[in-house]
Amino acid sequence: MSKFLADQRVLTILTCGSVDDGKSTLIGRLLYEQGQIPEDELAGLTNRAEEAIDYSLLLDGLEPEREQGITIDVAYRYFKAAGRHFIVADTPGHEQYVRNMITGASNSDLAILLVDARNGLTSQTFRHAHIVSIMGIRHVVLAVNKIDLVNFDERVFQNISTEFRKLAELLRFSDFEMIPVSALLGDNVSTRSSRMTWYEGPTLLQLLAGSEVPEKARTGFRMPVQLIVRSDGGGRGVAGTIASGQIAIGDKIVLLPSGRVTSIKEISSAGRAVGRAEAREAVTLTLSDHVDVARGDVAASPSDQPHVGSQFVAQIVWLGDETLRPGRSYLLKQGTRAVGVSITAIKYRVDVQTMAHEAAKELRTNEIGVCNLITAAPLVFDSYAENAAMGGLIVIDRATNMTVAAGIVLHPLTRSTTIRPPTLFVTKDARAHLKGHRPALLWLTGLSGAGKSTIANATEARLNAMGVHTILLDGDCLRGGINKDLGFTETDRIENIRRAGEVSKLMLDAGLVVLCSFISPFAADRRMVRELMRRDEFIEVFVDTPLETCIERDPKGLYRRAIDGEIKNFTGISQVYERPEHAEVTIRTGELTVDGAVDRLVAELSRRGIFDLSGEPGLGHE
């Protein structure tokens with residue numbers, strides 16, 4: 001019998017597996033046998049051609065799903081059977097919809113993993129099992145479906161079970177069961193099959209009815225702050241859903257990342273005052289002190305605090321259509337907090353079939369990897385193993401707002417807690433005041449041969465003559481020094497711009513006006529540099545020169561060599577250039593001379609108050 005213990009709380013179930021393994025049919029059959037389908041809905045499930053009930057239609061509600069015979073979206077059904085309540089999430093099996101499968105897995109307690117008895121474990125079965133493990137589901141039922149199509153052969157079931165047992169042990173599932181079923185005929189779904197006398201285990205329904213709802217959190221009190229609530233009486237509270245632990249009036253809490261300690265004056269839940277509250281409850285906590293707190297902060301137990309840091313290791317499933325390459329800037333969503341994030345390194349990629357760790361510099365769609373991440377601001381988190389609510393994350397593409405990765409925090413990086421920015425006696429503002437002007441960054445981007453370096457060089461000469469303190473960072477100069485280890489692949493180009501951005505930031509801290517001349521072909525990388533600076537410091541300058549003109553100029557003979565195939569990954573020929581859509585300044589070299597371009601840039605700096613063209617020192621800063 002199952003090792004699962006009975007628990008009368010609602011059990012949330014995930015169904016997953018490859019396309020056509022019968023997930024929707026299995027759940028539809030289960031609901032039908034439990035009398036959970038209204039008569040009018042049942043009439044719509046009849047397949048007129050065969051005069052039989054098509055149970056899958058109960059879950060496949062979207063028109064494209066019914067037309068194609070596949071599950072696309074996550075379908076949720078609520079039902080009661082064997083004296084307990086269930087929520088079942090039927091998820092798609094196609095590789096294209098893995099992100100939807102992850103959505104269903106994120107809130108599930110138990111997974112039913114289906115395989116077709118004729119096919120056994122497929123690559124998608126291995127991938128789904130791995131994702132189930134990543135999302136913290138430790139209780140799994142392997143349903144070997146369509147057993148009728150192999151004549152209810154015990155050997156087929158035993159061979160599949162043996163292979164799955166090895167996988168389950170590698171993935172460290174706490175409890176797992178294997179059961180032969182025929183979703184279409186109902187064998188071992190709700191009642192024991194008379195055609196498989198060799199199987200002595202429980203039916204699927206018996207397994208589900210006897211399963212416990214596992215407690216995923218091993219930590220104390222945690223509550224991400226969702227909303228700041230102000231009462232008419234002047235009191236202030238923090239509202240959110242308790243992720244783990246419990247809280248009572250009078251308890252002390254620490255607000256992170258600030259570290260301020262206060263206590264609980266009042267607790268309200270569902271509009272009424274209560275003395276205590278626990279995990280999964282939505283509450284408003286009225287604080288005893290007027291402390292600074294904001295959405296995205298976390299209230300926690302002072303004696304059992306989560307990690308606070310900006311660097312950690314995570315296991316992720318890459319969902320983006322574009323390949324993941326380290327260095328790009330994204331948005332990380334965790335709990336109620338959203339913060340900029342960059343994946344700095346891929347430690348290894350996981351082979352979902354062998355569990356082997358493979359060296360990798362990139363991740364493709366649906367690949368799983370372990371990566372180092374760094375956030376733009378401190379994050380409050382637990383490892384996923386300790387607290388799923390505080391250790392789960394998604395990564396969002398800033399340009400498209402699409403979710404490109406989902407994952408879990410494995411552990412913080414030690415350097416995240418040991419590295420602290422020093423407190424300097426001489427500040428950035430003090431350096432700027434000494435120079436008599438504010439710092440700024442002119443980031444010139446455009447094709448090779450567009451005229452970026454010529455314009456940047458002439459602009460620096462003009463500013464220098466005006467008494468403005470400057471530095472010019474050119475792509476070729478940096479590649480001869482700090483970036484001499486980098487090539488011209490897309491990955492190396494990303495790192496080239498990341499380093500240039502960090503150097504530029506240091507130059508801004510020195511109070512300089514920085515002029516950068518880089519092709520910087522990718523919009524995401526230019527956005528990454530922009531986000532390193534204060535909003536008013538970064539000025540994107542698009543040197544807009546037609547490709548034909550650049551080829552005609554070809555000062556270094558690079559275009560000819562690229563066209564002849566001698567140079568790979570050359571921007572404009574074999575590698576795309578993403579034109580800026582919202583550059584602060586656009587210089588069309590066909591319309592302006594070099595002096596005219598310099599006039600435009602100097603005027604833009606003056607307009608922003610970087611310096612004063614009247615010639616009176618210090619006014620621009622003041």
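Buried here means under 20% relative accessible area, exposed means over 50%, and partly exposed lies in between, with a 1.4 Å probe and protein chains only.

**Entry 1. Basis of the model**

I note that the model is predicted, that local features need pLDDT of at least 70 and side-chain atom pairs pLDDT 80 or more, and that totals for chains, interfaces and linings use all residues. Residues are numbered from 1 along each chain as its sequence is written, and side-chain values use heavy atoms, with hydrogens and water left out.

**Entry 2. Whole chain**

I counted elements as DSSP runs, numbered from the N terminus: helices are H or I of at least four residues, strands are E of at least two. The chain has 17 helices and 30 strands. For contacts I used heavy atoms within 4.5 Å. Of the contacts between residues at least 6 apart in sequence, 72% join residues at least 24 apart. For accessible area I used the Shrake-Rupley method with a 1.4 Å probe; for residues, only the protein chains shown count as cover. The chain exposes about 28500 Å², and carbon and sulfur atoms supply 49% of that area.

**Entry 3. Ser520**

I looked up the UniProt record, an unreviewed entry, and it lists Ser520 under "active site". UniProt positions are in the numbering used here, feature names are shortened, and annotations may be inferred rather than shown by experiment. Where does Ser520 lie? I found Ser520 in the loop between β28 (513–517) and α14 (523–532). Is Ser520 buried or exposed? Ser520 counts as buried because its relative accessible area is 3%. Leaving out residues up to four places away in sequence, Ser520 touches Trp443, Thr445, Ile497, Arg526 and Tyr577. I then checked polar contacts, that is, pairs of N or O atoms within 3.5 Å; within protein, one must be able to donate a hydrogen and the other to accept it, and residues adjacent in sequence count only if both atoms are side-chain atoms. The side chains of Ser520 and Thr445 make such a contact at 3.2 Å.

**Entry 4. The sheet with β28**

I traced the sheet, taking two strands as paired if DSSP finds at least two bridges between them. It is an open sheet of 5 strands in the order β27-β28-β26-β29-β30, with parallel pairing. Why do β27 and β30 stand at the edges? β27 (470–474) and β30 (585–588) each have a single partner strand, so one side of each is left without a neighbour in the sheet. The twist averages 20 degrees from one strand to the next; axes are lines fitted to C-alpha atoms, for helices over the stretch in contact, and angles run from 0 to 180 degrees between N-to-C directions.

Strand β26 (residues 440–445) is joined to β28 by 5 bridges and runs parallel to it. Leu441 has Val514 of β28 as its bridge partner. Helix α13 (residues 490–509) packs on the sheet, where it touches β26, β27 and β28, and its direction makes about 155 degrees with that of β26. Helix α11 (residues 452–465) lies across β26, β27, β28, β29 (538–544) and β30, at about 165 degrees to β28. In α14, I found Ala524, Asp525, Arg526, Met528 and Val529 buried. The buried residues of α14 pack against β20 (329–334), β26, α13 and β29.

Thr15 is in strand β1 (residues 11–17) and is buried, with a relative accessible area of 0%. Among its contacts beyond four places in sequence are Lys23, Ile27, Val88 and Ile112.

In strand β7 (residues 139–145), 7 of its 7 residues are buried. In a regular strand the side chains alternate between the two faces of the sheet. From β7, His139, Val141, Ala143 and Asn145 point one way, while Val140, Leu142 and Val144 point the other way. Strand β6 (residues 110–116) runs parallel to β7 and is joined to it by 7 bridges. Val115 stands opposite Val144 in β7.

**Entry 5. Backbone geometry**

I found a cis peptide bond from Leu256 to Pro257, with omega near 15 degrees. Pro257 is in the loop between β13 (252–256) and β14 (260–269). Ala82, a residue other than glycine, has a positive phi near 50 degrees; Ala82 is in the loop between β4 (75–81) and β5 (84–90) and counts as exposed at 55% relative accessibility. Arg172 is not a glycine either, and its phi is positive at about 60 degrees. Arg172 lies in the loop between α6 (154–170) and β8 (175–180) and counts as exposed at 67% relative accessibility.
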